[in-house]
Amino acid sequence: MSDDAHELDTVPDATVTDDLYANPGLAEHHWRPTDVDPKMEKRAERQVATLFGLSTICTILFVVSYFTVDKTDTFAGLGAQNLTLGLTLAGALLFIGIGVIQWARKLMADLEIVESRHPASSSEADRAATLESLDQGIAESGIGRRPLVRNSLLGAVGLVGVTAVVPLWDLGPTNAKVTKEQPYPGAGLENTIWAPGMRVVRDVVGTPIRPGDLQIGDLVNAEPEGLFNGGPDGEPLEGVALQVGKSKGAVVVVRMEPEEIIPGKGRENWSVDGIICYSKICTHVGCPISLYERTTHHLLCPCHQSTFDLADSARVVFGPAARPLPQLPLQVDADGYLVAQRDFDEPVGPSFWERG
Ligand code: FES
């Protein structure tokens, strides 16, 4: 019999209780074979030690296979080294786990312990003192005697919640028109700064682009020229106007063989010599995109891997985006530069609002 069991012989039903509490009704305790039979106890001890020993062997095999198994060998189509490392590591961890479980089940002390605690609630005296102090605070504040202060305070506190509600208005539809209240071009979710005849210029530097500047397979990040000269007196946009114009007007311009383009219905004249232009803003949740694979014409969004086929109206071929990238109709102006025929026909960016 184990030492624990010997000690517990003096305690009825092997439950350690204290003097304050009687047994609350725990089931009668049954000793395990390893508690009462020294041979079984020794046997269990050997079993546990064997399991830990097997884990040690697996770890040694792990190290040996790391240095001896050729990385290029395969077994059943799997990398031989990966397979041996995986199996030996799994064995090492598994045998430790099983050994610990056996140790706990068969050898660790099998006791049920009742722990006494003092009552959690406050004493009557403490509760009375708290209430008294509360009443005293209310009386001293004079809130009962000053209804004007009390009512204005209640009104102010109730109204302060409005500050959390009013901004929700921004989630609703916006006024798409450019008005005095929205004096910058391209305000509203439905519009961008793009306008008929506006040049497509290179991102950051603002250089206009001629069709001959682009090779087959090129992708250029571009912007509306209006960012650089769209102010009231032809000056560059600034502040909010610049941020809004830039965030919604960013585009990618790609060139491919004209015969590779599958024009959408009504879009037959939206490209120029195989040059085609799309919004750079992903229609999933609005990341800017420009990872382009020229052989497949696929544009990949780095955020959640939405993939668009630029040869086929930026159709979604993979990922969570729900609609193609909006296409900007292109033409060439009198000076031979790429310009927009007009604004996008549809909203750019995430498709979280209804389209007309
Ligand atoms: S933002 Fe492009 S896939 Fe999510």
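Because the model is predicted, local features are described only where pLDDT is at least 70 and side-chain atom pairs only at pLDDT 80 or more, while totals for chains, interfaces and linings use all residues. Residues are numbered from 1 along each chain as its sequence is written, and side-chain values use heavy atoms, with hydrogens and water left out.

The buried residues of helix 3 are Ala44, Val48, Leu51, Ser55, Cys58 and Ser65 (buried means under 20% relative accessible area, exposed over 50%, and partly exposed in between, with a 1.4 Å probe and protein chains only). Among the elements that cover these residues are helix 2 (33-36) and helix 4 (80-106).

Further along the chain, salt bridges come into view, a salt bridge being a side-chain nitrogen of Lys or Arg within 4 Å of a carboxyl oxygen of Asp or Glu. By this rule there are 11 salt bridges. One of them joins the side chains of Asp333 and Arg199 at 2.9 Å, N to O. Asp333 lies in the loop between strand 13 (330-332) and strand 14 (338-340), and Arg199 in the loop between helix 7 (162-165) and strand 5 (200-202), so this pair ties together parts that are 134 residues apart in sequence. Asp333 is partly exposed at 21% relative accessibility, whereas Arg199 is buried at 17%. These two residues also belong, together with Asp335, to a network of salt bridges.

Another salt bridge brings together the side chains of Glu346 and Arg267, at 3.8 Å from N to O. This pair, too, links distant parts of the chain, with Glu346 in the segment after strand 14 and Arg267 in the loop between strand 7 (251-255) and strand 8 (275-279), 79 residues apart. Glu346 counts as buried at 14% relative accessibility, and Arg267 counts as buried at 19%.

Arg267 is also one of the residues touched by Ser313, which lies in the loop between strand 11 (307-309) and strand 12 (315-318). Ser313 is buried, with a relative accessible area of 15%, and its contacts (heavy atoms within 4.5 Å), not counting residues up to four places away in sequence, include Ile262, Pro263, Tyr278 and Leu325. The side chain of Ser313 also reaches the backbone nitrogen of Gly264 at 3.4 Å.

Strand 11 and strand 12 pair in the antiparallel sense over three bridges, and the bridge partner of Asp309 in strand 12 is Arg315. Arg315, partly exposed at 39% relative accessibility, also forms a salt bridge with Asp312, their closest N and O atoms being 2.7 Å apart, and Asp312 is buried at 18%.

Conventions:
Helix = DSSP H or I, 4+ residues; strand = E, 2+ residues; numbered from the N terminus. Polar contact = N/O pair within 3.5 Å; in protein donor to acceptor, adjacent residues only side chain to side chain. Pairing = 2+ DSSP bridges.
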